[in-house]
Amino acid sequence: QVQLVESGGGLVQPGGSLRLSCRASGTILGMNTMGWYRQTPGKQRDMVATTSSGGTTTYADSVKGRFTVSRDNAKNTVYLQMNSLKPEDTGVYYCHALVSRVVGGSLSGWDNYWGQGTQVTVSS
């Protein structure tokens, strides 16, 4: 069982920056993708940025060029550096991990894990 804990949210003015961190309680083995999703009232939870164990990164079009996702495998931590923040970036940011499940040395499925969320508010 993997537990994810986010930190770094807060209130920031437009144009400002925040850095979110998500630490996994234990080492995540094998194939995996970790990333960030955002949810606002009345909206679905949408992907913001992800990074895979193979090094592939993806970004929502709305954050390309402003946000950077990275990971430190030694610390079991994924980060989201958010620059040039806009009011529309406001929301609850959730850390997510998709982790391969191995039984008897073979891939048997995938497990999903979610953090508790951290509030990001961009307002003047």
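What follows is a short tour of a predicted model, with something to select at each stop.

**Stop 1: the cysteines**

Start by selecting Cys22 and Cys95. Their sulfur atoms sit 2.0 Å apart and form a disulfide; the count for the model comes to one disulfide. The pair links distant parts of the chain: Cys22 is in strand β3 (residues 18-24), Cys95 is in strand β9 (residues 91-103), and 73 residues separate them. Look along the S-S bond and you'll find a torsion of about -85 degrees, so this disulfide is left-handed.

**Stop 2: the salt bridges around Asp89**

The model has four salt bridges. Select Asp89 and Arg38 next: they form one of them, with the closest N and O atoms 3.5 Å apart. Asp89 lies in the loop between β8 (77-82) and β9, while Arg38 is in strand β4 (residues 32-39), so the pair ties together parts that are 51 residues apart in sequence.

Shared partners join Arg38, Arg66 and Asp89 into one network. Are its members buried or exposed? Both Asp89 and Arg38 are buried, and Arg66 is buried at a relative accessible area of 10%. For Asp89 the value is 1%.

**Stop 3: a salt bridge on show**

Now pick Lys64 and Asp61. They form a salt bridge with the closest N and O atoms 3.0 Å apart, and here both residues are exposed.

**Stop 4: Thr50**

Jump to strand β5 (residues 46-52), where you'll find Thr50. Thr50 counts as buried, at 10% relative accessibility. Beyond its neighbours within four places in sequence, Thr50 is in contact with several residues, including Thr33, Met34, Gly35 and Val69.

**Stop 5: a nonpolar patch**

Finish on the surface with Met31, Val102, Leu107 and Trp110. Together they form a nonpolar patch with about 390 Å² of accessible area. Val102 takes you back to strand β9; at 54% relative accessibility, Val102 counts as exposed.

Note on methods: Residues are numbered from 1 along each chain as its sequence is written. This is a predicted model: local features need pLDDT of at least 70, side-chain atom pairs count only at pLDDT 80 or more; totals for chains, interfaces and linings use all residues. Side-chain values use heavy atoms; hydrogens and water are left out. A disulfide is a pair of cysteine sulfur atoms within 2.5 Å. Helices (H or I, at least four residues) and strands (E, at least two) are DSSP runs, numbered from the N terminus. Patches are made of residues with over 30% relative accessible area and no salt bridge: like charges are joined within 9 Å, nonpolar side chains (Val, Leu, Ile, Met, Phe, Trp, Tyr) within 5 Å. Accessible areas come from the Shrake-Rupley method with a 1.4 Å probe; for residues, only the protein chains shown count as cover. A salt bridge is a side-chain nitrogen of Lys or Arg within 4 Å of a carboxyl oxygen of Asp or Glu. Buried means under 20% relative accessible area, exposed over 50%, partly exposed in between (1.4 Å probe, protein chains only). Contact means heavy atoms within 4.5 Å.
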